[in-house]
Amino acid sequence: MATKSVVLYPGLGVGHLTPMLQLAKLFVQHGVAITVALVKPQAADEPAASSFSAVVARAAAANPSVTFHVLPPPAAAADNAPRRGWLDHLRLMDAPLRDFLRSLPSVHALVLDMFCSGSIDVAAELGIPAYFFYASGASFLAVFLSLPSVVANMETSFAELGDTPLRLPVAPPFKATDLPKVILDNDEGTKAILRMSERIAESNGILINTFEPLEARAVRALRDGLCIPDRPTPPVYCVGPLVTEGGGKKHECLEWLDTQPDNSVVFLSFGSMGTFSKKQLQEIAVGLEKSGQRFLWVVRSPPSSDEEQKIGDPLPGEPDLDALLPEGFLERTRDQGLVVKSWAPQVEVLGHRATGAFMTHCGWNSTLEGIMAGLPLLCWPLYAEQRLNKVFIVEEMKLGVVLRGYDEEVVKAEEVEAKVKWVMDSEGGRAIQEHAAAEKNKAVQALNGGGSSHAAFVEFLNNL
């Protein structure tokens with residue numbers, strides 16, 4: 001039988017490329033030939049454009065069985081062109097994508113990132129089955145696919161609903177303000193996001209980075225057609241958790257962890273775009289010190305403005321810890337904790353025997369990495385779908401607890417102290433730790449031969 005050939009199209013942003021690469025590995029394990037078609041950031045997007053080739057080189061070196069193809073820029077994208085919105089940029093990339101797909105001898109499927117939803121038209125034009133890889137969870141997908149019909153039947157906007165609980169049959173009750181900001185804005189961006197939801201519903205199927213037992217209610221709602229009332233829902237395949245493996249040179253923080261007792265350290269890390277003001281960093285520092293608990297904390301420089309970090313925005317430079325943290329903090333906590341600048345090898349840290357809990361922004365990649373490590377989650381959502389993920393983690397999965405004040409100006413030191421102590425040293429914290437360990441076992445079982453995620457991926461391949 002001829003080898004099947006599939007093209008993956010992850011759009012923009014490392015947070016979307018990373019899980020797509022894990023999906024590529026899964027295809028390769030099953031004997032499928034994989035090409036990843038990549039979009040280069042706009043020339044106006046320094047430094048994202050300059051770091052792009054390094055990202056591609058690393059990805060290619062780590063995945064020798066995968067072919068990487070950087071699509072040429074569209075005709076409208078001269079080097080000196082002003083920066084366009086990234087959704088507009090992705091739309092312009094449809095022409096180079098079409099030319100590339102036409103150049104291949106055969107393509108059995110095109111797998112799209114959710115933000116590349118308009119490219120479903122390219123697949124239709126070329127007669128190629130189009131699937132989506134949803135890098136967030138099934139619970140958020142169930143809400144996302146429900147939004148167009150919810151909006152059509154609303155007499156007000158989500159923003160005007162504010163903290164009023166929304167009750168959808170596909171999710172636990174949540175506040176309208178838990179929805180991503182772009183949906184609350186009620187503008188052109190909102191319309192674009194709702195169109196995205198409708199386009200995903202037109203696909204041949206949706207691969208989701210989750211495992212069925214973790215989000216059973218949402219998966220059932222998707223399969224029973226509760227999310228899209230007026231047309232059939234595409235088949236959904238829960239094929240996760242797909243998380244990055246550790247590796248490479250041993251980071252100094254892992255050597256520090258080697259000297260700590262088992263399950264004794266709280267790890268604080270807030271994703272590739274998670275930054276805090278100096279005032280907030282100081283509150284976290286005071287709370288950690290007063291908690292008396294061991295900690296490993298990744299600190300980034302504060303944002304250069306008050307605006308939310310967006311895909312393609314330059315990341316702040318290296319943090320000056322002495323200027324940002326309370327005077328004498330690093331010296332006083334030398335035996336209690338370790339502060340790391342900008343980055344730590346998250347998967348290895350979470351999987352280390354000394355790590356006992358994870359304070360996270362609730363990005364889906366990080367959430368799955370915490371679950372795969374069997375750790376309780378201290379939830380501090382920042383942007384995108386993270387507030388809704390927080391609802392699912394706490395209310396549905398029972399794997400975490402919320403830091404109060406995340407949606408106000410600042411989370412107070414007392415709250416950081418209380419929650420860190422609670423998760424590490426209370427009856428309730430121990431109950432979540434036990435539940436997290438059990439959930440990790442379910443995740444491992446799902447991925448093994450005969451497990452639900454393995455079976456779902458085999459079913460997907462058979463349906464290609």
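This is a predicted model: local features need pLDDT of at least 70, side-chain atom pairs count only at pLDDT 80 or more; totals for chains, interfaces and linings use all residues.
Strands β8 and β9 run parallel and are joined by three bridges. Strands count as paired if DSSP finds at least two bridges between them.

Residues are numbered from 1 along each chain as its sequence is written, and side-chain values use heavy atoms, leaving out hydrogens and water.

The open sheet has seven strands in the order β3-β2-β1-β4-β5-β8-β9, with parallel pairing. Its edge strands each pair on one side only. Helices (H or I, at least four residues) and strands (E, at least two) are DSSP runs, numbered from the N terminus.

| Edge strand | Residues |
|---|---|
| β3 | 67-70 |
| β9 | 236-238 |

Helix α20 (residues 452-463) packs on the sheet and touches β5, β8 and β9. Contact means heavy atoms within 4.5 Å. The direction of α20 makes about 140° with that of β9; axes are lines fitted to C-alpha atoms, for helices over the stretch in contact, and angles run from 0 to 180 degrees between N-to-C directions.

Now helix α9. Among its buried residues are I193, L194 and M196. Buried means under 20% relative accessible area (1.4 Å probe, protein chains only). The buried residues of α9 pack against elements including α6 (138-152) and β8 (205-208).

Key: Buried means under 20% relative accessible area, exposed over 50%, partly exposed in between (1.4 Å probe, protein chains only).
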